Amino acid sequence: MNVVPRNIMTDTLVSSADFRGAMRHLTGGVSVITAGRGKDITGMTVTSVTSLSVDPPTLLVSINRDASSFPLIRRHGAFGVNILNADQLDVAERFAGKGGLKGADRFAGAQWVTGVSGVPLLVGALSAVDCEVEEIVERHSHGIVIGRVRDIRNSTRTAALAYWHGQYVAVDQNEDAAKLTDVSIPAGGRRRI
Ligand SMILES: Cc1cc2nc3c(=O)[nH]c(=O)nc-3n(C[C@H](O)[C@H](O)[C@H](O)COP(=O)(O)O)c2cc1C
């Protein structure tokens, strides 16, 4: 059952600048969402992908309703989630609109295959997830797109691309392993020293 949205009093809300400032502290894994079929394709860089449930496998992504991907996702009822490897920074920038490229032109310079639902999936992504749209919840400027996972192409690559404080950051499972162990907190809750 869906909960009816409450009427929230506006005088308790903070400024968008303060909110943006808070969100800059949140490290996000960088993915490229792909949408469309054939030559009618587009895509966009996002950090809002999150797992929703494992059984059934579903994820969600928050997409600006003005983004060119939004109508294509709605029309075709499918989208791809390409979790980027650190060496795919150029792909992230193209799909964020850098250089002014639009639609199919954003796909140039990288290798793509067509997923089971017809959307392009990025070769060499850490993982490429093919999703069918289960529901779109439109709220404020964005649509929360819930995707039922239809297929997954996992790689054995190890360097993730993240975004933090307005810049891209690489996290390599091998090179950064020692640092990650230093700060890891075991299940008991006590930090290893
Ligand atoms: C690191 C990064 C993360 C982003 N995350 C999102 C996101 O989660 N949702 C969103 O709607 N736009 C996000 N954007 C903005 C879109 O990538 C950008 O607006 C989009 O490419 C515009 O698409 P269009 O030119 O096809 O309309 C992000 C941009 C960057 C650089």
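Strands are DSSP runs of at least two residues, numbered from the N terminus. Thr 58 belongs to one of them, strand S5. The model is a predicted one.

The strands build an open sheet. Seven strands take part, in the order S3-S2-S6-S9-S10-S5-S4, and their pairing is antiparallel. Strand S3 (40-46) and strand S4 (50-53) form the edges, each pairing on one side only. From one strand to the next, the twist averages 35 degrees. Helix H2 (residues 69-76) packs on this sheet. The helix touches strand S2 (31-37), S3, S5, strand S6 (78-83), strand S9 (127-139) and strand S10 (142-154). The direction of H2 makes about 120 degrees with that of S3. In general, strands of a sheet pair through backbone hydrogen bonds, in either a parallel or an antiparallel sense.

One end of the strand order begins with S3 and S2. These two strands pair in the antiparallel sense over seven bridges. Within this pairing, Thr 34 has Gly 43 in S3 as its bridge partner. S2 and S3 also form a hairpin, with two residues between them. Gly 38 lies in the turn and has a positive phi of about 55 degrees. S2 is joined to S6 as well, by four bridges, and the two run antiparallel. Here Ser 31 has Ile 83 in S6 as its bridge partner. Six of the seven residues of S2 are buried, so this strand is largely enclosed by the rest of the structure.

The other end of the order holds S5 and S4. S4 and strand S5 (residues 58-64) pair in the antiparallel sense over three bridges. Thr 50 stands opposite Leu 60 in S5. Ser 51 stands opposite Leu 59, also in S5. The two strands form a hairpin with four residues between them. The loop between S4 and S5 contains Pro 56. A cis peptide bond joins Asp 55 and Pro 56, with omega about 5 degrees. Most peptide bonds, by contrast, are trans.

S5 pairs with S10 too, in the antiparallel sense and over seven bridges. In this pairing, Leu 60 stands opposite Ile 146 in S10. S5 is mostly covered, as five of its seven residues are buried.

Which residues does Thr 58 contact, leaving aside neighbours within four places in sequence? Thr 58 is in contact with Ser 51, Leu 52, Ser 53, Glu 134, Gly 147, Arg 148 and Val 149. Is Thr 58 buried or exposed? Its relative accessibility is 5%, so Thr 58 counts as buried. The cut-off for buried is under 20% relative accessible area. Thr 58 and Leu 101 are 43 residues apart in sequence, and their C-alpha atoms are 30 Å apart in space.

Ser 69 is placed in helix H2. The relative accessible area of Ser 69 is 0%, and therefore this residue is buried. Beyond neighbours within four places in sequence, Ser 69 is in contact with Ala 35, Thr 42, Gly 43 and Met 44.

Most residues other than glycine have a negative phi. At 67% relative accessibility, His 140 counts as exposed. His 165 lies in the loop between strand S11 (159-164) and strand S12 (167-172). With 29% relative accessibility, His 165 counts as partly exposed.

A nonpolar patch lies on the surface. Val 14, Phe 19, Met 23 and Leu 26 make this patch, which covers about 420 Å². Leu 26 sits in the loop between helix H1 (16-23) and strand S1 (28-29). The relative accessible area of Leu 26 is 56%, so the residue is exposed. The cut-off for exposed is over 50%.

Notes
Residues numbered from 1 in each chain as written. Predicted model: local features only at pLDDT ≥ 70, side-chain atom pairs only at ≥ 80, totals over all residues. Heavy atoms only, no water. Patch = residues over 30% accessible without salt bridge, like charges linked within 9 Å, V, L, I, M, F, W, Y side chains within 5 Å. Areas by Shrake-Rupley, 256 points an atom, 1.4 Å probe, with all protein chains shown as cover. Salt bridge = Lys/Arg side-chain N within 4 Å of Asp/Glu carboxyl O. Buried < 20%, exposed > 50% of the residue type's maximum accessible area, 1.4 Å probe, protein only. Pairing = 2+ DSSP bridges. Axes fitted to C-alpha atoms, helices over the stretch in contact; angles between N-to-C directions. Contact = heavy atoms within 4.5 Å.
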